[in-house]
Amino acid sequence: MHPDTAQLLADGLLTLHVAVVVSVVGLLPLVLIGGVRGWRWVQHRGLRLTHLVLIVFIAVQSWLGQLCPLTVWEQQLRERAGQAGYTDSFIEHWLSRLLYWQAPWWVFVAAYTAFAMLVVLTWWWVRPTAAPRPPTERTSR
C-alpha cells in the first residue's frame, strides 16, 4: 500500500472513530431530553440497542485492557504511512486531540463503565419501543 493511501485511510478511520464517539456520547443526553420532551425517535429500539451494544463493547474492552479496534487499525495504517505520531495532517492533528487523552488506564475503565451503566439505566428511564409497523393495505376480493 502506498504511504499516501495509508495516511488517507488512517485519517478517514480517525474521522469515523470521532463520529462513533460523538454518537455514543451525544445520544445519551438526547435520549434523556427526548424522554422528557416526548420525542418518539429516542424510543426507537434499534437505535437504542445499537447505542447499548457499542458502549458495553467499549466498557468490556477497557476491562480486558484492550484498545478499540479502530485505534489499532488507525495506528497500523499510520505505521504503513511512515508516521510516528499525530503530527502531519489537519484531520489527524485536531481530531486526535479531541479523541485521545492522556490519563491512567483506570480512569478510562471507570469512565466507560459509568457511562455504560447510565446507558443501561436509560432503558428504564426512557423505555425503547419496537419500531412502528407500516400500515397494511386492505385488499378486497
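Which handedness, left or right, does the crossing of H1 and H3 have? The crossing of H1 and H3 is left-handed, meaning that the near helix is turned anticlockwise from the far one by less than a right angle. This is a predicted model, in which local features need pLDDT of at least 70 and side-chain atom pairs count only at pLDDT 80 or more, while totals for chains, interfaces and linings use all residues. Residues are numbered from 1 along each chain as its sequence is written, and side-chain values use heavy atoms, with hydrogens and water left out.

**Helices H1 and H3**
- The axes of H1 and H3 (residues 69-80) come within 8 Å and cross at roughly 160°; axes are lines fitted to C-alpha atoms over the stretch in contact, with angles from 0 to 180 degrees between N-to-C directions.
- H1 and H3 are therefore roughly antiparallel, a term for angles over 145 degrees.
- Residues of H1 including Leu9, Leu13 and Leu16 meet residues of H3, among them Leu70, Trp73 and Leu77.

**Helix H5**
- Helices are DSSP runs (H or I, at least four residues), numbered from the N terminus.
- The 21 residues of H5 (residues 105-125) should span 30 Å at 1.5 Å a residue, and the end C-alpha atoms are 30 Å apart, which agrees.
- The buried residues of H5 include Phe108, Phe115 and Trp123, and the buried residues of H5 pack against H1 (3-37) and H2 (45-63).

- Thr113 counts as buried because its relative accessibility is 19%, buried being under 20% relative accessible area (1.4 Å probe, protein chains only).
- The side chain of Thr113 reaches the backbone oxygen of Val109 at 2.7 Å.
- Leaving aside neighbours within four places in sequence, Thr113 is in contact with Ala59 and Trp63, contact being heavy atoms within 4.5 Å.

Definitions and conventions: Helix = DSSP H or I, 4+ residues; strand = E, 2+ residues; numbered from the N terminus. Expected span 1.5 Å × (residues − 1). Buried < 20%, exposed > 50% of the residue type's maximum accessible area, 1.4 Å probe, protein only. Polar contact = N/O pair within 3.5 Å; in protein donor to acceptor, adjacent residues only side chain to side chain. Parallel < 35°, antiparallel > 145°, perpendicular 65-115°, else oblique.
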